[in-house]
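This report describes selected features of a protein model. The sequence and the structure are shown first, and the description follows.

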Amino acid sequence: MKRILLIEDNPEMRENTAEILEFANYEIHTANNGKEGVRVARDITPDLILCDIMMPELDGYGVLNILSRDPNTAGIPFIFLSAKADRSDVRKGMTLGADDYITKPFEETELLEAIESRLKRSEIVKKDFEPGMDGINAFFDEVRGDHALLELSEGRRIRRYKAKELIFREGDLPRDLFYIIKGKVKTWRMNDEGKELVTRLYGDGEFLGFISLTMQTPYSQSAACLEETELAQIPKEDFQELMYKNRDVSYRFIRMLAANVRDREEKLLHLAYDSVRARVADVLLKLRDKYGKEGEKEFRIKISRDDLASMAGTATESLIRTLSEFRSDNMIENAGREIIVKDPEALEKVKRFW
């Protein structure tokens, strides 16, 4: 049962609206002013918020502003309820990040349809889409509409890259958002001594380059393909329009940014405190988790020793020596340039022990 928070200072309106929503099989929580509404929202984390604008102590704009700054409530769909119908009021609410605006008095069907639409779109944004063009088309379809999706598709180019081919270089200005239809991509940075450090790996169904595009700054790292890869290039203007005008898209990419930061923090901890054996084991397990197929007994990946050493933050000679030890312990096998992970449980023990 979906949980809705209704923030309304008019007792009669609050009771009538709550009754409508209860009959529609929603779990209803109410607040009689803006400050109380913020407190309840933080306590229960509702699936959707209905909020009046004109209220004592803290108006609806203030409620939305506060909740939008809190990571725990920023993604909650937010619908304004108000007797005011001036266009400037609607524009102000949408600028702050409101998802919809319903003018009082409203019809029961109007309210329920708006709620159902917002909840549906919220679920679409939160879920993970299938890799491939069908997945990204479904995402843009939901957040932008059929006609707009057609326009977006017309401006999208699909390019095929060879293994080791460069996608963009550190310092380049971003002009497109890249979506990986199929393949594997690495990003890396070079230190002052010219040594490469792989910062992240990407695979099917992931976006690439969105941080620099969002910040409108040059790329802080380079990107290249680990194998033959297909990329969709979404024009910068289309991406920015979605980011700035659609709260769902913004929320989804904020989540991606947060995940990116978390991954980098974890990598820094491993580089600072783990042994070479633990780092190599961790990289092999991460490659298996990211690129392995569900149910497969042995994970196989073709990757250069230099790339693997860069991911683990160690010298190539140390990596080769460690791989030899793992092979002697029957945790992995080599088949040319391919590495076969045979015993992930043993690698996990190495990672934890060290």
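## Basis and helix α1

A residue is called buried when its relative accessible area is under 20%, exposed when that area is over 50%, and partly exposed in between. The model discussed here is predicted.

E15 belongs to helix α1, which covers residues 11-23. Its relative accessibility is 56%, so E15 counts as exposed. The C-alpha atom of E15 lies 9.0 Å from that of T30, a residue 15 positions away along the chain.

## Sheet architecture

Four strands form an open sheet in the order β6-β13-β8-β11, and their pairing is antiparallel. The edges are taken by β6 (157-161) and β11 (207-208); each has a single partner strand, so one side of each is left without a neighbour in the sheet.

Within this sheet, β8 (residues 176-182) and β13 (residues 229-235) are joined in the antiparallel sense by 6 bridges.

## The β15-β16 hairpin

Strands β15 (residues 332-335) and β16 (residues 338-341) run antiparallel and are connected by 4 bridges. N334 has I339 in β16 as its bridge partner. The hairpin leaves 2 residues between the strands, and G336 adopts a positive phi near 70°.

The buried residues are R305, D307, L308, A309, S310, M311 and A312. G313 follows α12 and has a positive phi, near 70°.

Which residue meets D307 in a salt bridge? The partner is K186, with an N to O distance of 2.4 Å between the side chains. D307 lies in helix α12 and K186 in strand β9 (residues 185-190), so this pair ties together parts that are 121 residues apart in sequence. Both partners are shielded: D307 is buried at a relative accessible area of 12%, and K186 is buried at 8%.

## Other salt bridges

Side chains of opposite charge can pair when their charged atoms come close. The structure holds 17 salt bridges. One of these links R39 to E36, with 2.6 Å between the closest N and O atoms. R39 and E36 both sit in helix α2 (residues 34-44), 3 residues apart, which is about one turn of the helix. R39 is partly exposed, with a relative accessible area of 42%, and E36 is partly exposed at 27% relative accessibility.

A further salt bridge joins the side chains of R159 and E165 at 3.1 Å, N to O. R159 has a relative accessible area of 39%, so it is partly exposed. E165, at 24% relative accessibility, also counts as partly exposed.

## Negative surface patch

Where on the structure does a patch of negative charge gather? It lies on the surface and is made up of E107, E108, E110, E113 and E116. Of these residues, E108 is located in helix α5 (residues 108-126). The relative accessible area of E108 is 43%, so this residue is partly exposed.

Notes: Residues are numbered from 1 along each chain as its sequence is written. This is a predicted model: local features need pLDDT of at least 70, side-chain atom pairs count only at pLDDT 80 or more; totals for chains, interfaces and linings use all residues. Side-chain values use heavy atoms; hydrogens and water are left out. Patches are made of residues with over 30% relative accessible area and no salt bridge: like charges are joined within 9 Å, nonpolar side chains (Val, Leu, Ile, Met, Phe, Trp, Tyr) within 5 Å. Accessible areas come from the Shrake-Rupley method with a 1.4 Å probe; for residues, only the protein chains shown count as cover. A salt bridge is a side-chain nitrogen of Lys or Arg within 4 Å of a carboxyl oxygen of Asp or Glu. Lys and Arg count as positive and Asp and Glu as negative; His and the chain ends are not counted. The place of a charge is taken as NZ of Lys, CZ of Arg, CG of Asp or CD of Glu. Buried means under 20% relative accessible area, exposed over 50%, partly exposed in between (1.4 Å probe, protein chains only). Two strands pair if DSSP finds at least two bridges between them.
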